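Subject: Model handed over, with findings

Dear colleague,

Here is the structure I said I would pass on. Please look it over; my notes follow below it.

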Amino acid sequence: MALINCPKCSKRISSKAAVCSHCQCVLGELSEEQRVNMQQLTRLETSQKLMNQSMVAMLLFCGGFGFMFWGEPSPDSWQYSIATGTAVLGFAWYIVNRVRILMLKKK
């Protein structure tokens, strides 16, 4: 008996387990090729979710940045604070997602 990664949730389970105890994925009747395909599909879905989140983060950044410079709010107004906060939040979220994508590709 060895520990393997579940092809659906990537958590460690027994190689003889018929069902993953974490995600309830049925593994008993899967061939090795089906397990590999399931792992690739799960990785692709995760990558796509991260790319979508990166796009939303970039839109937040661009929206906040654009409003800050094209809307020309006064520096002591709440609009300026919200625009700055949105730009900073979008930029930080984008960087975090890009690091997560790089880590996913390294696996």
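For the helix packing below, each axis is a line fitted to C-alpha atoms over the stretch in contact, and angles run from 0 to 180 degrees between N-to-C directions. Please keep in mind that this is a predicted model.

Helix packing

Helix α1 covers residues 32-70 and helix α2 covers residues 78-106. Their axes are 7 Å apart, and the two helices pack at an angle of about 155 degrees. Angles over 145 degrees count as roughly antiparallel, so α1 is roughly antiparallel to α2. The crossing of the two, α1 and α2, is left-handed. Sorted by class, the residues in the contact of α1 with α2 are 18 nonpolar, 10 polar and 3 charged.

Transmembrane annotation

An unreviewed UniProt entry lists residues 50-71 and 77-96 under "transmembrane region". In the model, residues 50-71 are 95% helix and 0% strand, with 30 Å between the end C-alpha atoms. Residues 77-96 are likewise 95% helix and 0% strand, and the end C-alpha atoms of that span lie 29 Å apart.

Largest pocket

The volume of the largest pocket is about 370 Å³. Its lining has 16 residues, and those nearest the centre are S10, R43, T46, L104 and K107. Both α1 and α2 supply at least two residues each to this lining. The largest share, 6 residues, comes from α1. By class, the lining of the largest pocket has 6 nonpolar, 6 polar and 4 charged residues.

Regards

Terms used
Residues numbered from 1 in each chain as written. Predicted model: local features only at pLDDT ≥ 70, side-chain atom pairs only at ≥ 80, totals over all residues. Heavy atoms only, no water. Helix = DSSP H or I, 4+ residues; strand = E, 2+ residues; numbered from the N terminus. Parallel < 35°, antiparallel > 145°, perpendicular 65-115°, else oblique. Left-handed = near helix turned anticlockwise from the far one by under 90°. Nonpolar A, V, L, I, M, F, W, Y, C, P; charged D, E, K, R; others polar. 1 Å grid on protein atoms, 1.4 Å probe; cavity = no way out; pocket = protein on both sides within 12 Å on 5 of 7 lines; lining within 4 Å. Points joined across faces, edges and corners; volume = space filled by probe spheres on them. UniProt positions renumbered as here; feature names shortened; annotations may be inferred.
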